[in-house]
Amino acid sequence: MSFGLDNLPYGVFSVDGGPPRVGVRLGDHVVDLAPLLGDDVFREPTLNPFMARGRGAWRATRGRVQDLLADDRGAEHLIPLDRVRLHLPVDVADYVDFYASLEHASNLGRMFRPDEEPLKPNWRHLPVGYHGRAGTVVVSGTDIRRPCGQRPSFGPSAKLDIEAEVGFVVGAGTGLCQPAGAFDEHVFGVVLVNDWSARDIQAWEYVPLGPFLGKSFATSVSAWVTPLDALDHARVEGRAQDPTPLDYLRRNAEWGLDLALEVRLNGEVVSTPAYRDMYWTPDQMLAHMTVNGASLRTGDLYASGTVSGEDSPGSLIELTWNGARPLKSGQSFLEDGDTVTITATTPSGLSLGEVTGRILPATVR
Ligand SMILES: O=C(O)/C=C/C(=O)CC(=O)CC(=O)O
Ligand SMILES: [Ca+2]
Ligand SMILES: [Mg+2]
């Protein structure tokens, strides 16, 4: 079952305008954790205080919840999903976005820098990334207003795009100049991410410092955070790397993940990217992000970058080759009223839920 006892993703919910609190999803229900476990950390409006307790507590809690639900002692704490409102599950501290797909980086290079090598010389040596805007991370289901900006004339973006990504939520942080430990000591779980991108604003503004307003207006994440412990069966060896990365980027464990993504535009499947094809794995991204002594905080979110395979890109700019090959619907980029939904499943059929959003017309300034 996609939301069975082997899954149990965490989220934050409220009922009838009451205070938001922490639950796990079981089938079409939310399990109210505070009364089930008698622990007030689950009465908090975000997962952060629970995540800050660290891996030992995450494991113990998951085991206890599985035991209680397996023999029905949780039945009185089940609330039907259609009665709840879901909230942003994490108070996002910092947000970093990587660029870890070889195919995506090569495709964008070909389109944006046609006279150069598609991949910059650094790309195979380190996971390239940039700091995004934590304050505009929104929960799945939030409407997205088309941004305005310089394209270079001022106006609403005419090239509004998606980026289908996988995000990693940091539970246990580090102090300043303290090296991060193992990936699973710090990372609590996984979310689906849509890193909305205004390609016309981006193309004009981002030389030489990098993405700014073209990507900072909104980033959507799934309401459910899938704990790493639920994904053990989906772990795979990362893709082969040439050249061999520096020691601090060596893979010590298998943290590639076999996640089959599906991108739907107004209900139609437009792409099915495979996360296992990514070049840089999430443990490598974590090692890179902290190698200079930068600390991690509970609630940090870092995303993989667009998940693109040979024939299954995670963005419309690749799918339509910057408008040269429109979709069957005739469109190349997002139109007002469009809805984009990204889902993912593991080989055993476990669901990572969805991240969805609908485009609202620009408010012209
Ligand atoms: O290659 C470029 O010029 C631009 C790349 C992106 O826009 C991608 C980005 O934000 C990172 C990613 O999602 O992979
Ligand atoms: Ca991105
Ligand atoms: Mg910040």
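**Core and ligand shell**

Me: How many residues does the largest nonpolar core have?
Reply: The model is predicted. In the largest nonpolar core, V169 and L192 have the most contacts. The number of residues in this core is 92.

Me: Which strand gives the most to this core?
Reply: The core draws at least three residues from each of domain 1 (10-87) and domain 2 (95-360). The strand that gives the most, with six residues, is β14 (residues 187-194).

Me: Which residues is L192 in contact with, leaving aside its neighbours within four places in sequence?
Reply: L192 has, with V169, the most contacts inside the core. Beyond its sequence neighbours, L192 is in contact with V166, V221, S222, I342, A344, L352, G353, E354 and V355.

Me: Which helix gives the largest share of the shell around ligand 1?
Reply: There are 13 residues around ligand 1, and Y99, L108, F112, G305 and T306 come nearest. By class, the shell has four nonpolar, five polar and four charged residues. The largest share, four residues, comes from helix α4 (residues 102-112).

Me: Is H104 buried or exposed?
Reply: The UniProt annotation "active site", from an unreviewed entry, covers H104. H104 lies in helix α4 and touches G305, T306, S308, P313, G314 and E318, not counting residues up to four places away in sequence. A residue needs 20 or more other C-beta atoms within 10 Å to count as buried. Because H104 has 27 C-beta neighbours inside 10 Å, it counts as buried.

How values were computed: Residues numbered from 1 in each chain as written. Chains lettered and ligands numbered in written order. Predicted model: local features only at pLDDT ≥ 70, side-chain atom pairs only at ≥ 80, totals over all residues. Near = placed C-beta within 6 Å. Helix = DSSP H or I, 4+ residues; strand = E, 2+ residues; numbered from the N terminus. Nonpolar A, V, L, I, M, F, W, Y, C, P; charged D, E, K, R; others polar. Core = buried A, V, L, I, M, F, W, Y, C linked by C-beta atoms within 7 Å. Buried ≥ 20, exposed ≤ 12 C-beta atoms within 10 Å, placed from the backbone. Domains from an automatic or database assignment. Contact = placed C-beta atoms within 7 Å. UniProt positions renumbered as here; feature names shortened; annotations may be inferred.
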